[in-house]
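Biologist: I am new to this structure. Please show it to me, and then tell me what stands behind each term you use.

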Amino acid sequence: MSTLIPSKFSRRAFIRTSSLAGGGMLIGFNLFTACKPKAEMPIDISKLNFNDFNAFIKIADNGMVTIFAPNPEIGQGVKTSMPMIIAEELDVPWNHVHVVQGKLDTNNYTRQVAGGSQSIRFGWDPLRQTGATARQMLVNAAAVRWGVESSECTASQGIITNAAGETLGYGDVVKEAAKLEVPENVGLKDPKDYKIIGSDASNVDLDEIVSGKPLFGLDYKQEGMLYASVLRPPAFGKKLESYDDNVAKAMDGVVDVIKFGDKVAVLANTTWRAMKAKEALIAEWSDNSPMESTAMHDKKLLALLDGNEFNTLRADGDVKKAFKEADNILERTYESPFLPHNCMEPMNFYANVTDERIHLVGPIQTPEGTANRIAEMLDRDVADIELEMTRMGGGFGRRLYGDFALEAAEISNLAKKPVQVVFSREDDMTAGIYRPAIKYRISASIKDGQITGYHLKEASINSNMYGLIPNFFPAGALENYQVDVAKYDSNITTGAWRAPYTNFLSFAEQSFMDELAELLDKDPVQMRLDLLQKVKGTTDERIQYSAERMEDVINLVVEKSGLRTPKDGVYQGFCAYYCHNTHVAEVADVVIENNKPIVKKVTVAVDCGIVINPLGALNQIEGGVIDGIGHSMYGNLSFEDGTPQSNNFDRYRLIRMKEIPKVETYFVKNTLSPTGLGEPALPPAGAAIAIAIHKATGNRMYKQPFVDQLNKKELVG
Amino acid sequence: MINLEQRFLTFQFLSRNVIKLLTQFKTKMPTYNLKINGKSQSVDVSADTPLLWVLRDHLEMVGTKYSCGIGQCGACNVHVDGSAVQSCLLPVAQMEGKNVTTIEGLSEDGSHPVQEAWKEIDVPQCGYCQAGQIMTASAFLEKNPNPTSSEIKNAMNGNICRCASYSRINEAVAVAAKKMK
C-alpha cells in the first residue's frame, strides 16, 4: 500500500457530490480554491446533471472515469497532464480515464488560464487532493458495505480490497460513495508509489487530431451561423473615415455589413465569401496618431538607453561607485524586433448574443477575463454568459487577449445573429498584439580580474519587464547590481509572447556573460558556478531562482553535452537560465557547412521538479528550443508608416523541418513539486546558439534576427 | 491631400457600375461534381471558391485546416489524384473529374500507417497542422517507400509546425515507412 502523506486540505473545497440519475458519481471540487477556502456556493440540486458540471470526476457503474480538464489547452499538454494527477491519486488505470474539456466555470475553478507556465504548478496540490478525496470516499463506501473499518481497506487501480481479500470495484460502490460525507485529512501518495505520474501518456486528443475530427475553434459550426470577416485599420494610427459597402453587399452569400468602432464586418454564409467581400469594401482612413516605423523605434529606444530617465527595479550596493573604481568596463547593447505570434490557427471566435444568454465558443487562453470584458462591453450580467473553450491551434500568448472574442460578441449583438469572426492570415499578422521591440544595454565593471558591478538597462515599447525578473540570476551573486527600465509609448499594440521578456533577455544576458568570461579569461561555465556560490544560503527572499538547482542543471548539461571533451569542428555554446519557476541549461553544437554555421544539436538539462508526463514534457522542451532558435535566427516584423511589413508566411520566415537540430533532453531527478514547461526551454536557446556561432565564426551576435548578420558578410573563411 | 469627399463620391460611382455587373452574374451558382474520399459530392458554389473552403464550409469536413491561404504552410494539404497539394490554392472549378482524399478519408478509423505512426510517436502539441503533415507524409511515402532521412526532411519542408514538433514528425514518417512495408 502507498505511503500516505496527510493532506492539509479542507473539505469545504468539495462543493458537491451526487449520484447520477444514469448511474455513477460526480464529485465536485473547488479546484484551486482548496488552499484558501471561501464561503461555500449554494448548491442547486436541480442542476445536478452531468452536462452542467465541470469540476468533477465522474465514475460510471462499470468503473470508467471521466475527468474534466479545467485549463485551456494550447498545445502545452495540460489537458493530458492535469487529469493524470487526479487519476494518480484516485488510483485508477489511466486507460480507464476519459478526459473532457471543462467549460468556463468561475464557481468551481479559479485560474482557468493558460499562461505563464503555471497550470501544473498551481494545480499540483488541489488536483492531487481531488483524486485522493474521491478515492477515500470510495474506500469508505466499501468499508460500510463490508461492515469493516475503512483503515482495513486499500484501493488500487480502481479496486478496493479488504483484510479478508474480498474486492469491490469503484463502480460497485460509487452510488453509496456519493452519499457519504466528504472526508477530511485524506492521505496523498508518496512519489515512489506513483503509477501514472512519471509515466508516458499520449496526448488525450491524439485520435481526434490524426483523423481530422472537429476540435479547434475554426471547426465549430452552428445552425444559422454567419462568418464575419473584419476590415480593420491598415496601419496603427489610422481611423475609419467612411466606407462604401455597395459592391460587398451585392456579392453572393453576403448577408450584412456592419460598422463597429473603426472596423467594418462583412457577414456571409461562408468564410470564403466573407473574406472576398471584405476585400471589396472601399474604405477611407485618416490619421489619428503618428505613423511609426522601425527606424524611428530604433532611434527612440537607443535614446532611452543613452538617457537618464529610468525606473529602477532593483539596486544592490553602489553600481555607480563600482563603475567609477573599475579597471575595465564591458558594455554591450542587444536589440530585438517586434514578433507576431503566428499561431497556425488564426484568431477566431463564435458568439451568439441574444436577450436570454450569450453563447461564446472558441480558442481562448483567458476565458474568465474575456467573459467579464464582454459582459461589461454589452452591459450584461456575466451569469448570462456561457463560454466553451475549444482546443487551440497554438497560443504563444496571443490568445490571452480576447480582442477577437469581443469583436465576435459585438458583431453578434449588432447583427442579432450567431457569428464566427475569422481572421485571415493577413488579419492575424497585421492586427497583432506583438512581442514588443526591446533593447538591452548591459555593462559590467571589472577590478583586479573580478566582476564588481553589473548594470542592466531595458528600453522597451509600451511595457517593461515584470517585477520578478530583476531577481533572476545574476541578482544576489553580485554586491553591486542594478536593473533600470524605460519605455516608449507606441500606438502599436503589444503584449505577452511565449516567455515574455525572458525570450530575449536570456539571449542578451547570457551572451554578455559569455563575453565577460572571455574578457576575464575565465571558463564560462566555471564563472557561472562561482557566481552561484555567492547566492547559496541567501536570506534575500526576493531571489527567485535556486543556486543549487541551477548548479544541478549546469552540471548535468556539461556532462551530457560533452562540453569538457570537445570534438574537432564542433563549436559549443553554453547557457543556463531560470524563468517560470523552472531551471534549464542548454548547450548548442554548431558546425560549419558550406561556409555557414549550422546548429546540429542542442543538449538540454531541465529541473522542473517531478515530471508529470515525460512524453509530453519532452515535446514541450523540443518545441521550446526549436521555437527559440527559429525566432532568434529568423523572426522579424518591421514597420513602415505604422504598417507591418509582413502579412503572411511568404514574407515572414518561420523555422522549418530542414533547419532543426537534434534536441536531447535530460531531467534532473527529484521529488520536488512540479513546475511548468510551456515556456522555460525557449529563452536559453537563442543564447546557446549565438555563443556557439561566435565560437565557430568569431562573430558575436548582438541583434535578432541573427540571419541578417549571418547573411551580411562572409563569416567564415 | 486629396479631398476625402471627392474620393468617396468617385468610389460610389464606380461601385454602382460594378454592382450592375455583379447583379447580372448573381444568378444560380454553378454546380460542381466532386469525388471526395471515394464519394460523389455536388456543390453549388462560385467557380473561384478554393477546395479548402468547399470542404470546410460546404461539406463540413473540417479536418483540412486553414492557416495561410497562399500555399505557404501546408496545413490545408489534401491528396488530388494521389499527390499532396494545397487545397487553399485549388479553385473548385478545376476539381471535377479528380479524386480528392482528405484526412477524413485517409482511413476509416485512423488506422492508416502514417496515422498509426503519428500516434505511436505522440507527435502533436497543439495539433492544428498535423492533418496537413499527415497528408503530405502519406502521399510522399506512396511515391517513395524507402526514404532517406534527408528525403524525409525535404518532403516535409513545406509544412510549418509552429509548435515545432518537427523532430517527432521526422521520426513518425520514418516509422510509417517501416509500417507500410
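Modeller: A residue is buried if 20 or more other C-beta atoms, placed from the backbone, lie within 10 Å of its own, exposed if 12 or fewer do, and partly exposed in between. By that count, 51% of the 181 residues of chain B are buried. This is a predicted model, in which local features need pLDDT of at least 70, side-chain atom pairs count only at pLDDT 80 or more, and totals for chains, interfaces and linings use all residues. Residues are numbered from 1 along each chain as its sequence is written, and chains are lettered from A and ligands numbered from 1 in the order in which they are written.

Biologist: How do you know how many helices and strands chain B has?

Modeller: Helices (H or I, at least four residues) and strands (E, at least two) are DSSP runs, numbered from the N terminus. On that basis chain B has seven helices and five strands. Their order from the N terminus is α-β-β-α-β-β-β-α-α-α-α-α.

Biologist: Why is α4(B) called oblique to α7(B)?

Modeller: Two packed helices are described by the angle between their axes and the distance between the axes. Axes are lines fitted to C-alpha atoms, for helices over the stretch in contact, and angles run from 0 to 180 degrees between N-to-C directions. For α4 (residues 113-121) and α7 (residues 166-179) of chain B the angle is about 130 degrees, and the axes are 8 Å apart. Angles under 35 degrees count as roughly parallel, over 145 as roughly antiparallel, 65 to 115 as roughly perpendicular and the rest as oblique. The angle of about 130 degrees therefore makes α4(B) oblique to α7(B).

Biologist: Which hand has the crossing of α4(B) and α7(B), left or right?

Modeller: A crossing is left-handed if the near helix is turned anticlockwise from the far one by less than a right angle, and right-handed if clockwise. The crossing of α4(B) and α7(B) is right-handed.

Biologist: What makes residues of α4(B) and α7(B) count as meeting?

Modeller: Two residues are in contact if their C-beta atoms, placed from the backbone, lie within 7 Å. Among those that meet are B:Pro113, B:Trp118 and B:Ile121 in α4(B), and B:Ala172, B:Val175 and B:Lys179 in α7(B). This contact has eight nonpolar, no polar and five charged residues; Ala, Val, Leu, Ile, Met, Phe, Trp, Tyr, Cys and Pro count as nonpolar, Asp, Glu, Lys and Arg as charged, and the others, Gly among them, as polar.

Biologist: How many residues of chain B are in contact with chain A?

Modeller: 59 residues of chain B are in contact with 58 residues of chain A. The largest share of the side belonging to chain B, eleven residues, comes from α1(B). By class, that side has 27 nonpolar, 20 polar and twelve charged residues.

Biologist: Where do the domains of chain A lie?

Modeller: Their bounds come from an automatic or database domain assignment. It gives domain 1 (4-210), domain 2 (217-288 + 347-422) and domain 3 (492-712). In chain A, 13 residues of domain 1 are in contact with 15 residues of domain 2.

Biologist: Why is A:Phe310 called partly exposed?

Modeller: A:Phe310 has 17 C-beta neighbours inside 10 Å, so it counts as partly exposed. A:Phe310 lies in the loop between α7 (294-306) and β16 (311-316) of chain A. Beyond its neighbours within four places in sequence, A:Phe310 is in contact with A:Lys457, A:Asp484, A:Val485 and A:Ala486.

Biologist: What sets the backbone of B:Glu60 and A:Asp641 apart?

Modeller: Most residues other than glycine have a negative phi, and most peptide bonds are trans. B:Glu60 is not a glycine, yet its phi is positive, about 55 degrees. A:Asp641 also has a positive phi, near 50 degrees.

Biologist: Why does B:Glu60 fall in one exposure class and A:Asp641 in another?

Modeller: B:Glu60 has 10 other C-beta atoms within 10 Å and is therefore exposed. A:Asp641 has 15, so it is partly exposed.

Biologist: Which peptide bonds are cis?

Modeller: One of them runs from A:Phe473 to A:Pro474, with omega near 5 degrees. Another joins A:Gln704 and A:Pro705, with omega about 0 degrees. A:Pro474 is in the loop between β23 (450-461) and β24 (480-488) of chain A, and A:Pro705 in the loop between α16 (682-697) and α17 (706-712) of chain A.
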